[in-house]
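User: Can you walk me through this one? I'd like the overall picture, then some details.

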Amino acid sequence: MEAHDFETGHKPTWCPGCGNYGIWQSLKNAFVKLNTSQEEIVVVYGIGCHGNMANFLNVYGVGSLHGRSIPVACGVKMANHRLKVVVIVGDGDTYGEGVNHLLSAARGNHDITVIVHNNEIYGLTTGQASPTSEKGTKTKSTPLGVIEEPLNPLATAIISGASFVSRGFAGDTDALRDLICAGIEHSGFSLIDVLQPCLTFEKVHNFDFLREKIYKLEKAEKDKEAAIKKTFEWSEKIPVGVFYQEEKPAFTDQLPQLKEDTLVEKPLKDIKIDELLKEFI
Ligand code: SF4
């Protein structure tokens, strides 16, 4: 497989220079590097500019409701735990509308890879403050500046039980490809928060700004406190890479019913649907 095998042939409609292009490229390259095929992958999309990737990426895909991609992805994984399940979402989508699902999936260590296009703004709706907008940022919805503190998604994920917590940069597609590979290969819940410049509506954290500040972490912490401390480093220097990783059983590894085969392979002949329905109606 080559990267173009994962393209549908539809040209992306993102603004020229948008960070989404780098994530799309990195994702295709990761699939190639993992030597995987379209049949083995399901991508669940949220609502936002990132969600348009459903039209450009040639794998099985589900367009979910705003903020609800993660539970859909957990359901796909439980139905067939041999699939690679990736979630493509935004910061508003996942850290705002869907933050409860992020916490639940991290707690359960569901074996899905959540890639967040974090541009600190609602881009599709033309520039309102999101949960990661910095305090004081002036946007269409906060003309006098954001009052709230920004959410720290990495610390939130670590505290909630996620077993792979990382940050990537859309402007370094080789490093992001490798991070996505590592996240998909990790058994358990992986979060990849990607710094994704929105050149149209967020004018501060552009590619030049981020390139100047970014440095790569050498290795993942195994100690939660040390990893959480690192996630608060956001001023002169901004770390990218894997902040925290631990090995522990994923959700489906703990279901004895799925030891031998997947849920979709189970025979239906012994299930009496009418009797089952009567229990619930
Ligand atoms: Fe990208 Fe921002 Fe344009 Fe959306 S509005 S496509 S996030 S640059």
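**Overall build**

Analyst: Of the 281 residues in the protein chain, 49% are buried. Keep in mind that this is a predicted model.

User: What secondary structure does the protein chain have?

Analyst: The protein chain has 9 helices and 10 strands. Its radius of gyration is 19 Å, close to the 19 Å from the globule rule for 281 residues, so the chain is as compact as a globular protein of that length.

User: What box do the C-alpha atoms fill?

Analyst: Roughly 60 × 45 × 40 Å, along the principal axes. As for contacts between residues at least 6 apart in sequence, 70% join residues at least 24 apart.

User: Switching to the ligand. Which residues surround it?

Analyst: Trp14, Cys15, Cys18, Asn20, Cys49, Asn119, Gly123, Gln196, Cys198, Leu199, Thr200 and Phe201.

User: How many of the shell residues are nonpolar, polar or charged?

Analyst: The shell has 7 nonpolar residues and 5 polar ones, with no charged residue.

User: Now helix H4. Which of its residues are buried?

Analyst: H4 covers residues 99-108, and its buried residues are His101, Leu102, Ala105, Ala106 and Gly108. They sit on the same side of H4, because their arc around the axis is only 165°.

User: What covers them?

Analyst: The cover includes helices H2 (69-79), H3 (91-97) and H5 (153-160), plus strand S8 (190-195). Just past H4, Asn109 has a positive phi of about 50°.

User: OK, what about phi of Asn35 and Glu120?

Analyst: Asn35 has a positive phi near 55°. Glu120 also has a positive phi, about 65°, and is not a glycine.

User: Last one: Asn118. Where does Asn118 lie, and what does it touch?

Analyst: Asn118 is in strand S4, residues 113-118. Asn118 is buried, with a relative accessible area of 8%. Leaving out residues up to four places away in sequence, Asn118 touches Asp91, Tyr95, Thr132, Asp193, Val194, Leu195 and Gln196. Gln196 is also one of the residues around the ligand.

Definitions and conventions
Residues are numbered from 1 along each chain as its sequence is written. This is a predicted model: local features need pLDDT of at least 70, side-chain atom pairs count only at pLDDT 80 or more; totals for chains, interfaces and linings use all residues. Side-chain values use heavy atoms; hydrogens and water are left out. A residue is near a molecule or strand if one of its heavy atoms lies within 4 Å of it. Ala, Val, Leu, Ile, Met, Phe, Trp, Tyr, Cys and Pro count as nonpolar, Asp, Glu, Lys and Arg as charged, and the others, Gly among them, as polar. Buried means under 20% relative accessible area, exposed over 50%, partly exposed in between (1.4 Å probe, protein chains only). Helices (H or I, at least four residues) and strands (E, at least two) are DSSP runs, numbered from the N terminus. The arc is that of the directions from the helix axis to the C-beta atoms. Contact means heavy atoms within 4.5 Å. The radius of gyration is taken over C-alpha atoms; the globule rule is 2.2 Å times the number of residues to the power 0.38.
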